[in-house]
Amino acid sequence: GMFIRGGELEDLAFSYDAIRIGSPFHVVGVNSAFPALSIESLNFYSGVPPLRFSTSLAAIEVLSKTRYDKSRIRAEIDVNLAAAGFFVSLPAGPALQISFGARRTYYEFYYSILKSIPALASLGGGLLSSFSTIPFFYDLNAKVDWNINQADTLSLVFIQSLDQALFDTSFFPRTNTLGASLNFRDEKLGFENQWNAAGLVWSHD
């Protein structure tokens, strides 16, 4: 993630070209919500941003989308121990280019393996079998470029990002060793952060 001295995260504005977006990083701050091939450049304004962008209390970070290029096919597959994703950008006619990418974590895969091992599943009185706090995130990126002429491109953009982690307390004991009641305010605690952004972007080169 990115934090600016003197300001909180909510004081930092983010923009994908002219489209205002949420944080381009997932909550854990390690993974970007954008495939690398979908970003042409990044500009950071620590002071007063250009007038075409929304103002912010701390600074503004502007991500620029990749430009139309019908001569190139871009593709990547990213698989690591935490997440898997892909991105592809290819021509769709003489003046159109379609780009699409998606990624999600698969921590629940490891969790299911651990639960399938009896010796581990029985630890803590079956705590592992009941435990359901699995961090999860995914992101979607879609873009259609229409090359109007050599200098102008109209792009339809859609972006979605989700971070989620729920802690299930329903299996916790309701009394302590002395028989006193233990009350939980909610049976499901945690956080969920989701943002969506969509719009038309006119680019003139």
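Colleague: Which residue in β7 does Leu 90 stand opposite?

Modeller: Strands are DSSP runs (E, at least two residues), as helices are (H or I, at least four residues), and both are numbered from the N terminus. Two strands pair if DSSP finds at least two bridges between them, and 9 bridges join β6 to β7, which run antiparallel. In β7, the residue that stands opposite Leu 90 is Ile 98.

Colleague: In which element is confidence highest, and at what mean?

Modeller: This is a predicted model, in which local features need pLDDT of at least 70 and side-chain atom pairs count only at pLDDT 80 or more, while totals for chains, interfaces and linings use all residues. Residues are numbered from 1 along each chain as its sequence is written, and side-chain values use heavy atoms, with hydrogens and water left out. The predictor's confidence in each residue is the pLDDT, from 0 to 100; for the protein chain its mean is 77, and 67% of the residues reach 70 or more. Confidence is lowest in helix α3 (residues 123-130), at a mean of 57, and highest in strand β7 (residues 96-105), at 92.

Colleague: How many residues lie between β5 and β6 in their hairpin?

Modeller: Strand β5 (residues 74-79) and strand β6 (residues 83-91) run antiparallel and are joined by 6 bridges, and Arg 74 has Ser 89 as its bridge partner in β6. In the hairpin that β5 and β6 form, the number of residues between them is 3.

Colleague: Which residue in the turn between β6 and β7 has a positive phi?

Modeller: β6 and β7 also form a hairpin, with 4 residues between them. The residue in this turn with a positive phi, of about 115°, is Gly 93.

Colleague: What is the order of the strands in the open sheet of 4 strands?

Modeller: Strands of a sheet pair through backbone hydrogen bonds, either parallel or antiparallel. In this open sheet the pairing is mixed, and the order is β2-β1-β4-β3.

Colleague: Which are its edge strands?

Modeller: An edge strand of this sheet pairs on one side only. By that test, the edge strands are β2 (19-21) and β3 (39-45).

Colleague: Which residue is the bridge partner of Leu 12 in β4?

Modeller: Strand β1 (residues 12-16) and strand β4 (residues 59-65) pair in the parallel sense over 5 bridges. In β4, the partner of Leu 12 is Ala 59.

Colleague: Is Ser 38 buried or exposed?

Modeller: Ser 38 lies in the loop between β2 and β3, and its side chain reaches the backbone oxygen of Pro 35 at 2.7 Å. Contact means heavy atoms within 4.5 Å, and, not counting residues up to four places away in sequence, Ser 38 touches Tyr 16, Ser 64, Lys 65, Thr 66 and Phe 87. Buried means under 20% relative accessible area, exposed over 50% and partly exposed in between, with a 1.4 Å probe and protein chains only. Because its relative accessibility is 4%, Ser 38 counts as buried.

Colleague: How far apart in space are Pro 135 and Gln 164, C-alpha to C-alpha?

Modeller: Pro 135 is found in the loop between α3 and β8 (136-147) and is partly exposed, with a relative accessible area of 43%. Leaving aside neighbours within four places in sequence, Pro 135 is in contact with Thr 105, Tyr 107, Gln 164 and Ala 165. Pro 135 and Gln 164 are 29 residues apart in sequence, yet in space their C-alpha atoms are separated by 6.0 Å.

Colleague: How many helices and strands does the protein chain have?

Modeller: Read along the sequence, the protein chain follows the pattern β-β-β-β-β-β-β-α-α-α-β-β-β. The counts are 3 helices and 10 strands.

Notes
A polar contact is a pair of N or O atoms within 3.5 Å; within protein, one must be able to donate a hydrogen and the other to accept it, and residues adjacent in sequence count only if both atoms are side-chain atoms.
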